[in-house]
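Me: I would like to learn how to read a model like this one. Please take the features one at a time.

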Amino acid sequence: MAAVKQSKEKDPADIVNQNAIHIETIKKENRSQKVYTLFSINPYKRLHILTDKPMAGNKTHDKVEEDPAFLKAIHGACLEPTKKYTHPQTESQEIGWISRPLIVSDRSDRRLNWSRQNSEITKYMDAAWRLKEQTQDLG
């Protein structure tokens, strides 16, 4: 049993060996990583622009060339999904995707429009309720 314990114990760590292992792992990581140097704003995320401080001066009003592709991407990101895409992208977008009415609304068509009509009794009760509310407010 004592011989088994002695074989399981490790020798003290060799610094040169640990350094070689560390260098090997860094080389493996560098092989799998890709360094990106070209950055741009995500056109699918809404951009919040913050204004300058009021007393900072007019340093931001210099004439700067504007990239038309960048402006198109930013303006496209602010559009609602029905203007961005031809078809719904998710299940939730399918509900309400076609928001135009199926028939043209005609206000003079009595079959679809029931405007509020007052008879003599409803006019009387409206006046009575108004009078009751006014007297309660005074009291």
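Reply: Helices (H or I, at least four residues) and strands (E, at least two) are DSSP runs, numbered from the N terminus. Here the protein chain reads α-α-α-α-α-α along the sequence, with 6 helices and 0 strands. This is a predicted model, in which local features need pLDDT of at least 70, side-chain atom pairs count only at pLDDT 80 or more, and totals for chains, interfaces and linings use all residues. Residues are numbered from 1 along each chain as its sequence is written, and side-chain values use heavy atoms, with hydrogens and water left out.

Me: What share of the residues of the protein chain counts as buried?
Reply: Buried means under 20% relative accessible area, exposed over 50%, and partly exposed in between (1.4 Å probe, protein chains only). Of the 139 residues in the protein chain, 4% are buried.

Me: Which side chains meet in a salt bridge with an N to O distance of 3.0 Å?
Reply: A salt bridge is a side-chain nitrogen of Lys or Arg within 4 Å of a carboxyl oxygen of Asp or Glu. The pair at 3.0 Å is Asp109 and Arg111. Asp109 counts as buried because its relative accessibility is 16%, whereas Arg111 is exposed at 66%. The whole structure has 3 salt bridges. Another joins Lys28 to Glu24 at 3.8 Å, N to O; both residues lie in helix 2 (residues 15-32), 4 residues apart, about one turn of the helix.

Me: Which residues line the largest pocket?
Reply: A pocket is found on a 1 Å grid over the protein atoms alone, as an open set of points where a 1.4 Å probe fits, with protein on both sides within 12 Å along at least five of seven lines; lining residues have an atom within 4 Å of a point. The lining here consists of Leu47, Ile49, Glu66, Phe70, Leu71, Ile74 and Cys78. The largest pocket holds about 160 Å³ of space, a volume being the space filled by probe spheres set on grid points joined across faces, edges and corners.

Me: Where does Phe70 lie, and is Phe70 buried or partly exposed?
Reply: Phe70 belongs to helix 3 (residues 68-77). Phe70 counts as partly exposed because its relative accessible area is 35%. Lys72 is also placed in helix 3, and Lys72 is exposed at 68% relative accessible area. Between Lys72 and Pro43 there are 9.1 Å in space, C-alpha to C-alpha, although the two are 29 residues apart in sequence.
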